[in-house]
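Welcome, and thanks for taking a look at this one. Please have the sequence and the 3D view open side by side as you read.

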Amino acid sequence: MLGTRKNNPASPLRAQIGQSVSQRLEANPGVKKAKITAADVYYYPNYLSDRDCDMLIDKIDAGRRRSTLLSDTHDPYFRTSDSCDLDRWSPEIRPIDERISNLLGIDTVKGETLQGQRYAPGQQFRAHHDYFHTTESYWERMKQEGGQRTWTAMIYLNDVEEGGATWFPQAGIRVAPKRGLLLMWNNMKPDGSPNDLTLHEGMAVVKGTKYIVTKWFREDVWLK
Ligand SMILES: O=C(O)CCC(=O)C(=O)O
Ligand SMILES: [Fe+2]
């Protein structure tokens, strides 16, 4: 069922977002493009300062709860991390949140709330797509709340002793956590339809604790 044309049509709006964000990132001297063809993936090393990383880690530790899944999947081991919604209006979060939107050139109202994740040893987020599968029951609601997810921006807040890489098995890249590193990718294909090859996994942490923040962008206004 997944990935059929009928359920994943091309979209001029999402195609345009993909192109404008890529163009903007490629014009930024701090950004590097991954040398793969399956998806548009970019890196920005040392994007966040140590001070900002530590501040976010403290907030995640203070506000964390068990991570949830939107999907109808009922595998209890699918996503075993803790999550924390970071208050976008707080004076510490707001500048970081807005800086990310501005880097990609996407209006802040299309960005979901920055979400923190914490993985202890053994915890993971199994292979998934960040875009919404329109065949799943959550889609009707998501459609009303900003529509499809386009870009993902993810920042590693610390180095992890062992494990915890972000792995794109079909696109063929594996990114090891590195403090301050921002990873960004377009979940859509050039025609604006979902790109199956963006399938990715937060591999289990073996040693240490992994902290990240993730920001997902919608095709339309999310923040009302
Ligand atoms: O933990 C990771 O490396 C991946 C996290 C992820 O895929 C997500 O938050 O959507
Ligand atoms: Fe993801």
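Which residue stands opposite Lys33 in β2? Tyr42 does.

## About the model

This is a predicted model, in which local features need pLDDT of at least 70, side-chain atom pairs count only at pLDDT 80 or more, and totals for chains, interfaces and linings use all residues. Residues are numbered from 1 along each chain as its sequence is written, while chains are lettered from A and ligands numbered from 1 in the order in which they are written.

The protein averages a pLDDT of 94, and 96% of the residues score at least 70; pLDDT is the predictor's confidence in each residue, from 0 to 100. For the complex, the predictor gives an ipTM of 0.99 and a pTM of 0.94.

## Strands around β2

Back to the pair from the opening question: β1 (residues 32–33) and β2 (residues 41–44) are antiparallel and share two bridges. Strands here are DSSP runs (E, at least two residues), as are helices (H or I, at least four), numbered from the N terminus. Two strands count as paired if DSSP finds at least two bridges between them.

Strand β2 also runs antiparallel to β11 (residues 182–186), joined to it by four bridges. There, Tyr44 has Leu182 in β11 as its bridge partner.

Thr166 stands opposite Gly202 in β12.

## The surroundings of ligand 1

Which residues surround ligand 1? They are Gln117, Phe125, Asp130, Thr166, His200, Gly202, Ile212 and Thr214, each with its C-beta atom, placed from the backbone, within 6 Å of the ligand. The elements giving two or more residues to this shell are β12 and β14 (210–218).

By class, the shell holds two nonpolar, five polar and one charged residues. Nonpolar means Ala, Val, Leu, Ile, Met, Phe, Trp, Tyr, Cys and Pro; charged means Asp, Glu, Lys and Arg; the others, Gly among them, are polar.
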